[in-house]
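Okay, everyone, let's get going.

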Amino acid sequence: MERSLSGRPAAAPSPFRRRAGALLLAAGLWLLAMTASAADSDFVAAGSSAGVDAVLIIDSSGSMKETDPRRMRVPAARMFISLLGDDDRVGVISFSDKGYPVAHLTPATEANHRQLFAAVDKVSALGAYTNLHAALETGRRMLDAADGEDRRRLLLLMSDGRMDTGDFDQDQALTRAIEEDMIGELRAAGIEVYTLAFTEASDMPLLRTIASGTDGISRLASNDRELHRVFSTLFESAKKPDMLPIEGGEFLVDDAIEEVTVVASKHTPGSEIKLIMPDARVIRPEVAGPAVRWHESDGFDMITIDQPPAGTWRLVSDGADNRAYVVTDMRLEGRLDVTEPAIGEQMQARAWLEQGGEPITAAEILDHTTFRMEIIPPEGESRHLSLAADAAADPGRFLQDFEFTRPGSHRIRLIASGQTFTREKSLFVEVPPLPEGATSSTPEPEAAVEPESEPAVEAEPEPAAEPEPEPEPESQAEPEPEPEPEAGIPPALQEEIIDPAPEAEDKAETQTGPGLGLILGLFVLANVIIGAAIGGFIWWRRRRRRKAAARGEADTESDTDADEQDEGPAKD
């Protein structure tokens with residue numbers, strides 16, 4: 001197996017990627033867990049093992065040439081298709097004035113990837129209008145036409161604009177039809193809609209209403225390089241895959257993992273990405289063996305490894321927010337006890353491990369496993385909390401009470417870390433804003449994060465050093481190109497750092513007197529030089545003409561003398 005990773009000859013991997021060796025190792029490792037007493041029926045997995053029917057509805061209006069000039073949506077959509085399983089199906093619809101089916105629901109097997117990728121490639125940017133109602137209606141008809149009983153049904157709507165049919169009254173009527181009728185119909189049919197906006201000029205309120213009304217999520221890709229991250233979020237929300245936490249570029253692979261897929265971001269196109277195996281061997285695209293499938297693009301690389309060796313792996317990438325998805329029989333599950341959270345409302349996060357679909361309750365395992373969570377708000381600092389065991393009520397379950405302190409889209413990372421394994425699960429929550437006039441309690445958990453930014457307080461004396469304004473730009477010029485230190489600076493400190501700029505402008509204005517005099521002097525000098533040059537040229541040209549005239553007269557006189565000499569002898 002290791003030989004195939006390093007590029008040396010090895011047997012081709014099984015197309016089903018289910019290795020008996022890994023299952024035997026996992027069974028031996030978790031024998032105690034499998035023989036433990038079964039938990040009550042309240043242990044419900046957050047995700048569903050049933051297949052997913054997903055229809056990609058892609059905007060083909062002409063404005064997409066500006067919002068996505070490099071067509072980064074194509075590799076991002078390919079990544080989404082590649083991450084789906086063999087039991088999932090994908091369809092593709094292009095829409096502008098109406099919806100145009102490009103590919104009907106097709107199993108997302110590796111054998112069909114080429115066909116589905118080609119369908120995504122066919123979506124152009126030549127349309128004149130943006131009919132969101134027709135797009136959703138076409139997607140619903142595609143799902144209804146397929147036999148999707150007991151399957152999750154998803155629509156992924158991607159657009160960069162607002163409702164635009166060329167008729168303002170019709171635009172308003174179709175928008176009302178979506179809000180008043182279609183959202184309820186989609187929800188009743190069990191169809192979840194995930195919306196992706198390519199620009200803030202999109203109808204974000206409508207896209208959010210569509211998503212929240214159908215239990216989906218809405219996201220904004222601020223630039224084309226963010227598309228694959230947004231698609232990762234959509235995939236995690238739709239499929240709730242098993243993941244490995246990547247911390248400091250490292251992730252831990254255990255014997256229960258049959259396959260790992262790494263999505264590595266690139267800060268700049270063409271930057272090198274490589275994987276370092278536990279035995280220090282390096283995997284690159286050009287040396288990957290048959291057990292490694294490496295797909296490259298400008299914004300990210302996706303690397304899938306069959307039967308990866310157990311141990312600590314390291315990802316070398318200049319990008320951030322990398323992901324590692326795994327196929328494994330040991331899963332981390334989690335959920336929230338409130339389906340529609342509100343700001344300031346007390347709620348509880350729950351997490352547990354499963355093996356073979358049954359919760360793990362063996363003390364030999366759980367006593368050496370820690371559970372924690374990270375709450376990532378739409379902006380600002382994350383919160384890190386530990387989960388405690390609830391042995392009295394439900395052995396194997398770990399709990400933590402918390403509350404949301406701000407509205408918007410939140411991501412909750414649940415992480416379980418054992419002696420030889422790690423697992424991660426992502427949950428996504430939309431928190432509505434407070435009603436008009438309502439107030440919430442002070443967000444104490446976020447205030448506790450402030451000490452992390454204490455090192456930045458060292459910059460406070462710099463704005464106060466008014467007699468020496470020159471060193472301040474030099475000392476502050478270093479963190480500006482680096483986004484990480486700048487993101488960790490509290491707003492109050494950012495204002496103090498920005499304050500010296502107006503002072504520098506005032507000082508520059510006091511120096512405009514000498515600068516203006518110098519400019520005027522140079523202007524006069526330049527005019528004198530230009531005038532002298534022109535006068536010299538005119539004088540030289542006239543002198544040249546006089547000399548030419550003088551030479552012409554001299555030649556005429558010499559010719560006349562010669563003629564007179566010739567005529568003299570003839571008269572004699």
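Quick definition before anything else: by a nonpolar core I mean a set of buried Ala, Val, Leu, Ile, Met, Phe, Trp, Tyr and Cys residues joined through side-chain atoms within 4.5 Å. And keep in mind this is a predicted model.

So, the largest of these cores here has 44 residues, and L56, F80, L196 and F231 have the most contacts inside it. Who supplies it? Several elements give at least two residues each, including strand 1 (52–59), strand 5 (191–197), helix 10 (227–239) and strand 13 (300–306). Helix 5 gives the largest share, though, at seven residues. The core also draws on two domains, with at least three residues from each of domain 1 (51–238) and domain 2 (241–326).

Now, helix 5 itself. Eight of its 11 residues are buried, so the rest of the structure largely encloses it. The buried ones are R73, V74, A76, A77, M79, F80, I81 and L83. Look at F231 next: leaving aside neighbours within four places in sequence, F231 touches A76, A77, M79 and F80, and also M158 and L196.

Apart from that core there's another one, with 27 residues, among them L332, I343, I360 and M373.

Zooming out, the protein chain has 572 residues, 44% of them buried, and its secondary structure comes to 18 helices and 23 strands. If you take contacts between residues at least 6 apart in sequence, 74% join residues at least 24 apart.

Technical notes
Residues are numbered from 1 along each chain as its sequence is written. This is a predicted model: local features need pLDDT of at least 70, side-chain atom pairs count only at pLDDT 80 or more; totals for chains, interfaces and linings use all residues. Side-chain values use heavy atoms; hydrogens and water are left out. Buried means under 20% relative accessible area, exposed over 50%, partly exposed in between (1.4 Å probe, protein chains only). Helices (H or I, at least four residues) and strands (E, at least two) are DSSP runs, numbered from the N terminus. Domain bounds come from an automatic or database domain assignment. Contact means heavy atoms within 4.5 Å.
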